[in-house]
There are 2 protein chains.
Amino acid sequence: MLKGHLDAIVLAVLESGPAHGYAIIEAIRSRSGGTFDLPEGTIYPALHRLEQAALLSSTWTTPPNGRRRRVYALTRNGSARLAEGRKAWSRFAKAVDSSLGGGRAWPA
Amino acid sequence: MLKGHLDAIVLAVLESGPAHGYAIIEAIRSRSGGTFDLPEGTIYPALHRLEQAALLSSTWTTPPNGRRRRVYALTRNGSARLAEGRKAWSRFAKAVDSSLGGGRAWPA
DNA sequence: CTTCCATACCTAGTAACACTAGGTATGGAA
DNA sequence: TTCCATACCTAGTGTTACTAGGTATGGAAG
């Protein structure tokens, strides 16, 4: 369970450049140190949702020796949303830390 | 949205001693620095769920000059689950940090 | 050449979660 | 006695991520 932060994570992956679904799954697995190993049924609907929301744009590409791929790229709205998402995550994480921490959260 | 970590947060509050629903809401608001201001419709079903799962036990109390309250306390299972929840949160938070961070997460 | 695997995409249905929007009841203050 | 804060509750809803299927193709293995 990604608990509502999937969108920001996907946007963060695409910040490094356009990518297609499969590659995004691998990037997330790699970035998360193996913690997030997402099934396709998670990523594809999410990509569609993000494109619907105009945070991503997609183009079909068929590389010379390859299968057809749908490549997604961040839109300007997507960048903005990613920035918001990072702030939201930061706030959220601090709040959970101090709620769970029994008092002593990570020392400043 | 508490994104699946509500249970651990509630358990953490009760680690400091038994409390009733309203008090738990206030404790969470206070611990989270105001970030988590939960409506009752969130907390009560959660408490019932946690008791159902034997992570909490409850007793009705009616203090001399007061309204009836349902006071919840951590069970042994609840303590164990809280420990798991803290570990799960730690893992999750690190994974999101490194997924969002573009590489540089909070420095060790 | 056929068979199989990895790649690559997709969707319908489901379970869980937190929330909205209501409701009941009581102690104490105005 | 009227009203507010306390204190509890639940049915229904929207969102999310997942399960469990499905289609199709390029390349390797036989």
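Colleague: Which strand of chain A pairs with β3(A) over six bridges?

Modeller: Strand β2 (residues 56-61) of chain A does, in the antiparallel sense. Strands pair here if DSSP finds at least two bridges between them. Strands (E, at least two residues) and helices (H or I, at least four) are DSSP runs, numbered from the N terminus. This is a predicted model, in which local features need pLDDT of at least 70, side-chain atom pairs count only at pLDDT 80 or more, and totals for chains, interfaces and linings use all residues. Residues are numbered from 1 along each chain as its sequence is written, chains are lettered from A and ligands numbered from 1 in the order in which they are written, and side-chain values use heavy atoms, with hydrogens and water left out.

Colleague: Which residue stands opposite A:T61?

Modeller: A:R69 in β3(A) stands opposite A:T61.

Colleague: And how does β1 of chain A pair with β3 of chain A?

Modeller: Strand β1 (residues 19-20) and strand β3 (residues 69-74) of chain A are antiparallel, with two bridges. A:H20 has A:V71 as its bridge partner in β3(A).

Colleague: What is the strand order of the sheet in chain B?

Modeller: The order is β1-β3-β2 in an open sheet of three strands, with antiparallel pairing. Strands β1 (19-20) and β2 (56-61) of chain B are at the edges with a single partner strand each, so one side of each is left without a neighbour in the sheet.

Colleague: How many bridges join β1(B) to β3(B)?

Modeller: Two bridges join them, and B:H20 is opposite B:V71 in β3(B). Between β2(B) and β3(B) there are six bridges, again in the antiparallel sense. Within β3(B), B:L74 is the bridge partner of B:L56, and B:R70 is that of B:W60.

Colleague: Changing topic: how many residues of chain B are in contact with chain A?

Modeller: 24 residues of chain B are in contact with 25 residues of chain A, where contact means heavy atoms within 4.5 Å.

Colleague: What area do the two chains bury between them?

Modeller: Chain B and chain A bury about 2300 Å², 69% of it on carbon and sulfur atoms. Buried area is the accessible area (1.4 Å probe) that two parts lose on being put together, summed over both.

Colleague: How many salt bridges and polar contacts are there between the chains?

Modeller: The count of salt bridges is zero, a salt bridge being a side-chain nitrogen of Lys or Arg within 4 Å of a carboxyl oxygen of Asp or Glu. Eight residue pairs across the interface are in polar contact, both residues at pLDDT 80 or more. A polar contact is a pair of N or O atoms within 3.5 Å; within protein, one must be able to donate a hydrogen and the other to accept it, and residues adjacent in sequence count only if both atoms are side-chain atoms.

Colleague: Which elements of chain B supply the side that touches chain A?

Modeller: α1 (6-15), α2 and α4 (76-100) of chain B each supply at least two residues. The largest share, 10 residues, comes from α4(B). By class, this side of chain B has 13 nonpolar, seven polar and four charged residues. Ala, Val, Leu, Ile, Met, Phe, Trp, Tyr, Cys and Pro count as nonpolar, Asp, Glu, Lys and Arg as charged, and the others, Gly among them, as polar.
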